[in-house]
Amino acid sequence: MATDGTVRPSLAGAEVVSASLARHRFRPLEGLVWLAMLAGYWLWPEYRPLGSQIFIMCLFVLSLDIVVGYAGIVTLGHAAFFGVGAYTAGLTAIHLSNEPFLGLLTAAVAAGLVGILSGLIVLRTTGLTLMMLTLAIVFVLHEAANKLGSVTGGSDGLQGVTVAPILGLWSLDFFGQTAYIYTGAVLFLGWLFARILVGSPFGRSIVGIRENLVRMRAIGSPVRLRLLVVYGISATMAGIAGALLTQTTQFVSLSAITFTRSGEALIMLILGGVGRLYGAFVGAPIYMLMQDALAKYNPVFWTFWIGLMLVLTVMFARNGVLGLVDSVLAWRRRAA
Amino acid sequence: MTASASLPPLLETQGLSKSFGALVVADSIDLTLRPGARHALIGPNGAGKTTFVNLVTGTLQPTAGRILMGGEEVTGLSPEARVRKGVGRTFQINSLFNRLSVLENVAIAVSERDGFAGRIFRARKAERRAFEEAYAILEGIGIGMEALRPVAEIAYGRQRLVEIAIALALKPKVLLLDEPAAGIPSAESHVVLDVVEALPPDIAVLIIEHDMALVFRLASRITVLVQGAILVEGTPQEIAHDPKVKEVYLGEKSH
Amino acid sequence: MDQILSALVSILFHGLAYGMILYVISVGLSVTMGLMGFANLAHGVFAMAGGYITVTLMNGFGIHFFLALVTACIVVALASVVLERLLYSRLYTASELDQVLFTIGIIFMASAAARYAWGPLPQRMILPESLSGQVDLGFRTFPTYRTFLIVVSGVIIAALWLGIERTRFGAQLRAAVDNRRMAEAIGINTRRLFTATFAVGSGLAALGGGLGADILAIEPAYALEYLVYFLIVVSVGGLGTVKGPFVAAVLLGVTDTTCKYLIPEFGAFFIFLAMIGLLLWRPTGLFGRA
Ligand SMILES: Nc1ncnc2c1ncn2[C@@H]1O[C@H](COP(=O)(O)OP(=O)(O)OP(=O)(O)O)[C@@H](O)[C@H]1O
Ligand SMILES: [Mg+2]
């Protein structure tokens, strides 16, 4: 019988095993995405400032995809970590040192800690209660930032953030050249990490929790711990995204910690496609370019169109743009 | 079987009880499984068989009574901790990871058992071994060819076998099988029989099953549960000739 | 001493009025969540719609408050039937995430529409003569409007509870919340039950929105602004129960009012901390089933 541990798979088995291991190999198409982003630098120089903002949101949405899409934790409060990162980076620059990497580091640590602490509370619950708690944490932190005006600048926002040249060489200029490359590089590292995480045994186990919590318990998985770890990791990434926003805009506003920011990230995620890692890279640009265009054209009513798009996406394109692409590809394959 | 009677029980329940409000679904159940036990738990629908499994695995908390494994009390332990102590189970209704492949369904259990399921980096070797072992288990129960397909897409009967494969992957000391053959076409139900017969002889198996032919082939002891309480326990011969059991089962058939 | 007592009574009174309004608005959310498992974050949209309709009918068309309220309730209930049949019902089996995003989409659309139609500012409700001023309850005077709120909400709540305890619809509803499969097996048409429940819940929300327009200001961001309060009522009370949210809502109303009065700077913190503590103690809420 197969359970005695000393197993030698058959020839077919060897193939099955390699095929399974290869599922998470890097594909050339993935490199193309990054080449396109690099090319964007030269192709649309006037979009560089917007580009860096898009990269930041990509990173934030990517972090959200890990908890929502992979671990299945439907949170409304991810902005809390983004905001904590943003404020921490700002305060670090003002009071400690304006070395950008130090800012990223302190922001990551602070957001990660807040993630773990809040996770200890939030992850004991599910469903509406979990949503309410995550929402409540955003409110509490927002209120805290608002009330601690002497530290955070309150509703005026945190001003006077400066950033030293990156690696002592490139300063963040007004035209967003450095910001484009800097945020792009951090996003690349974030993506690389997320990519490894998702393909790891840990990644599979959080998908297992999403798919079937009862079964995960029944195979002895420390479910609560796993969720806490993934929540902390994701909060850390969100905090880094927040720090990047602070560093590139040299300012932190209270809007960094609002439900609206969480909501926007969720929208970007579902637009692109949930639980597929690249959803962030599709959803964030679409949303932000649309916002750029629509808000200019009709600032009062544009949220209506966003809402409508959301409703239609849920009704007719559950897997987002990438899901549609998949369906079209599958359909063409069948037709061929 | 006589030799194993002297060994300490792998699983023992003492006065295990559970009620949902006024409904008593487990009524002071005493049950002992020793190494090598092949024990069947039978009883009419709603007798509380699945509830018993849920109590033992920690999915439900008992209202009274104790659960011991290898002489050690586990009543307050989490389901996870009990698995680490060696309980494995299958579910009466398939409970699989629908969007993972058949192989991954089994490999996920192997990785939890071997303790590398929480790893993010440097897991490639362990991962390969897990896949190899998972494949070998699948091959052992005759569904190796389904390994790469999403588990949701394969036939229900084969999903039942994946259910068993996951439990086997944990290498449990006590294996609780909740109607493993239910939903498997009768032409293939012999696979379940083969699997149970090929299990390591020293583990204890509790099998819940409605198919009496299967029960009599597999079990050396049988417990009959009715309305949450043990009606009788005995060898297959004793049970087959017990008038109370006949009554319960005839009563069952007559409606 | 007298002053403290008087302040205390006043806080309790305002808190009770506030809590009862919160309950009338939120109870539908608790039942839909318990019955259909649907995470309807857009529940507040119905309350907001009720508020806008009431205020517009009163201020714009001079219609009496009561008539305006009843109209708002009926219009919103009917509209919700259409919404439920056309949209919501398709998502009952969808994932929680899809439901959440769908209802966030509804919130976005509703608040954009409200801003478009009524502008960004909160609506001012001009109370009818009979409801302004003070009323003397023997031992002291109270604001008439709040007294009215408590009485009317009390009547609505009593009617609701009686309806659930005594009518056939109520019995079916209880059976379905308890065990949906079983209810279907004994021939209850859960599909119709869902629609009816949804309509009643939305109608109540509209009533609450209109009644409470002076407490929870009617503005485009309404559904988001107060979402967390509705969710607190439902989670702390326990899903699928009718009485749990009542206790939670009154607790919330009184605590919130007390905090705003005593520690206006940090009121919100206290509320949230208390709620988090409570949920740590009972993750399924005060009256929720484990
Ligand atoms: N969570 C629960 N709440 C209330 N009652 C429950 C719950 N779970 C099970 N029951 C009841 O407990 C009784 C025993 O159920 P159980 O599933 O253990 O029976 P069983 O012997 O496994 O039946 P079957 O042969 O149909 O699988 C049934 O009457 C069932 O309705
Ligand atoms: Mg059963």
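**Salt bridges between chains, and beyond**

Tutor: Let's start with a pair of side chains, Glu127(B) and Arg204(A), which are both buried (under 20% relative accessible area; exposed is over 50%, partly exposed lies in between, with a 1.4 Å probe and protein chains only). Their side chains form a salt bridge, with N to O at 3.0 Å; the term asks for a side-chain nitrogen of Lys or Arg within 4 Å of a carboxyl oxygen of Asp or Glu. This pair runs between chains, from helix H4 (residues 124–140) of chain B, where Glu127(B) sits, to helix H9 (residues 201–211) of chain A, which holds Arg204(A). Helices (H or I, at least four residues) and strands (E, at least two) are DSSP runs, numbered from the N terminus.

Before going on, keep in mind that this is a predicted model, in which local features need pLDDT of at least 70 and side-chain atom pairs count only at pLDDT 80 or more, while totals for chains, interfaces and linings use all residues. Residues are numbered from 1 along each chain as its sequence is written, chains are lettered from A and ligands numbered from 1 in the order in which they are written, and side-chain values use heavy atoms, with hydrogens and water left out.

Next comes Glu112(B), whose salt bridge with Arg226(A) has its closest N and O atoms 2.6 Å apart. It also crosses between chains, leading from helix H3 of chain B to helix H11 (residues 223–249) of chain A. Glu112(B) and Arg226(A) are both buried. There is a network as well: salt bridges with shared partners join Arg210(A), Glu211(A) and Arg99(B).

Over all chains the structure holds 22 salt bridges. One more to look at is Arg23(A) with Glu104(B), at 3.0 Å, N to O. Arg23(A) lies in the loop between helix H1 (11–22) and helix H2 (28–43) of chain A, and Glu104(B) in helix H3 of chain B. Glu104(B) counts as buried because its relative accessible area is 6%, whereas Arg23(A), at 45% relative accessibility, counts as partly exposed.

Now for chain A against chain C. Helices H6 (127–147), H12 (259–272) and H14 (302–316) of chain A each give two or more residues to the side that touches chain C, and H6(A) gives the most, with 13 residues. That side has 28 nonpolar, five polar and four charged residues (nonpolar being Ala, Val, Leu, Ile, Met, Phe, Trp, Tyr, Cys and Pro, charged being Asp, Glu, Lys and Arg, and polar the others, Gly among them). About 3700 Å² is buried between the two chains, with carbon and sulfur atoms giving 84%; buried area is the accessible area (1.4 Å probe) that two parts lose on being put together, summed over both. In chain A, Leu128(A), Met132(A) and Met315(A) lose the most area to chain C, together 17% of what that side buries.
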